[in-house]
Amino acid sequence: MTNSSNFHGLEAFGLDLHFAATGRGSGFSGAAWRGLMGQALFRTVCSFPAPACATCPALGACVYPNLFKPLSEAALPPFWLHGWQRGRAGWTIGVRWLGAGNVFAVGEWLAALASGNADQLFGGSPAHLEHATSPTTGVLWRRGTGWLAMPVALALTDGAPPPACRVRFIAPLVSKHVGDPLSGALHTRLQRLVQQHGDGTDLPRPTPPWHCRVLTQRTLRIPLARRMLAGTEWDLELRDIDADAWRMLCAGRELHAGGQAGIGCGQYDILPVVDA
């Protein structure tokens, strides 16, 4: 790690996408929005009527499997949703991706989302991208103009751990780990990302990483198109946090924890204990 934006070779970038969309949707919005975005990306990069990636001669250079949907089911894509909110003017959808080299492809993707394709619907209503903002600054991309400024890497690490903190999940954590609600799910996702998209090093496994107290928990079963999504929204208090575990915890704010992160699961905030 050389700076706060680099975590074992991972550099994360992000935008908030502002859609003119009046549809309310139904169920878990993350799955529907990721499906809409995937269709737009596929239409942009492929001339086939349906994905035929496994036999495509352009597979190695195609951003659809490389950025959005890897061929291997064991591979984690370097793109995922990061929250969403419906407002009076439409929907705001957070996205995150890994690698500065993907910025150009993301720009082409945004143009596809803004193109006004008649099949681009959310909740049965048209959904078209108007502009995109940085999580920390102003508008970076605008419909009809393109990039106004290039996104910069997000901070993934922080300084020394505080005496205690609160971890509040914004989206359900999907995990098969037992015991501590967070440590195993966080370590597994970060390790897989580092192996596939980072420097490949083995992440430390401090024992224990912290002392965890569950403040509240809410188990959710969310129906998706073809399956049931089971997860838990945790509110945790962590104390005596190991320094390596703190770096992983900070990185997880952007990289998420657990499974189904592509549709936005495993997102959390780190808050001072006094806010609990």
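Predicted model: local features only at pLDDT ≥ 70, side-chain atom pairs only at ≥ 80, totals over all residues.
**Stop 1: the open sheet**

Start by selecting strands S9, S10, S8 and S11. Together they make an open sheet of 4 strands, in the order S9-S10-S8-S11, with antiparallel pairing. Strands of a sheet pair through backbone hydrogen bonds, which can be parallel or antiparallel. Which strands sit at the edges? They are S9 (211-223) and S11 (268-271), and each of these pairs on one side only. Look along the sheet and follow its twist, which averages 20 degrees from one strand to the next.

To see a facing pair, pick Ile222, which stands opposite Leu229 in S10.

**Stop 2: Ile170**

Move on to Ile170, in the loop between S8 and helix H4 (183-197). Is Ile170 buried, exposed or partly exposed? Its relative accessibility is 41%, so Ile170 counts as partly exposed.

Show what surrounds Ile170. Leaving out residues up to four places away in sequence, Ile170 touches Glu233, Gln267, Tyr268 and Asp269. Take one of these, Gln267: along the chain, Ile170 and Gln267 are 97 residues apart, yet 5.6 Å separates their C-alpha atoms.

**Stop 3: two nonpolar cores**

Select Leu17, Trp33, Met37 and Leu113. These have the most contacts inside the largest nonpolar core, which has 36 residues. Several elements supply at least two residues each to this core, including strand S1 (12-21), helix H1 (29-45) and helix H3 (103-113). Which element gives the largest share? That is H3, with 7 residues.

A second, separate core has 33 residues, and you can find it by selecting Trp80, Leu193, Trp210 and Ile241.

Go back to Leu17 and display its contacts. Beyond neighbours within four places in sequence, Leu17 is in contact with several residues, among them Met37, Trp91, Ile93, Leu110 and Leu129.

**Stop 4: the cavity**

Rolling a probe the size of a water molecule over the atoms shows where empty space is left. How many cavities of 30 Å³ or more does the structure hold? There is 1, and the volume of the largest cavity is about 50 Å³.

To find the spot, select Leu17, Met37, Phe79, Val95, Trp97, Val106, Trp109, Leu110 and Leu113, which line the largest cavity. Both S3 and H3 give two or more residues to this lining, and H3 provides the largest share, 4 residues.

Note on methods:
Residues numbered from 1 in each chain as written. Heavy atoms only, no water. Pairing = 2+ DSSP bridges. Axes fitted to C-alpha atoms, helices over the stretch in contact; angles between N-to-C directions. Buried < 20%, exposed > 50% of the residue type's maximum accessible area, 1.4 Å probe, protein only. Contact = heavy atoms within 4.5 Å. Core = buried A, V, L, I, M, F, W, Y, C linked by side-chain atoms within 4.5 Å. 1 Å grid on protein atoms, 1.4 Å probe; cavity = no way out; pocket = protein on both sides within 12 Å on 5 of 7 lines; lining within 4 Å. Points joined across faces, edges and corners; volume = space filled by probe spheres on them.
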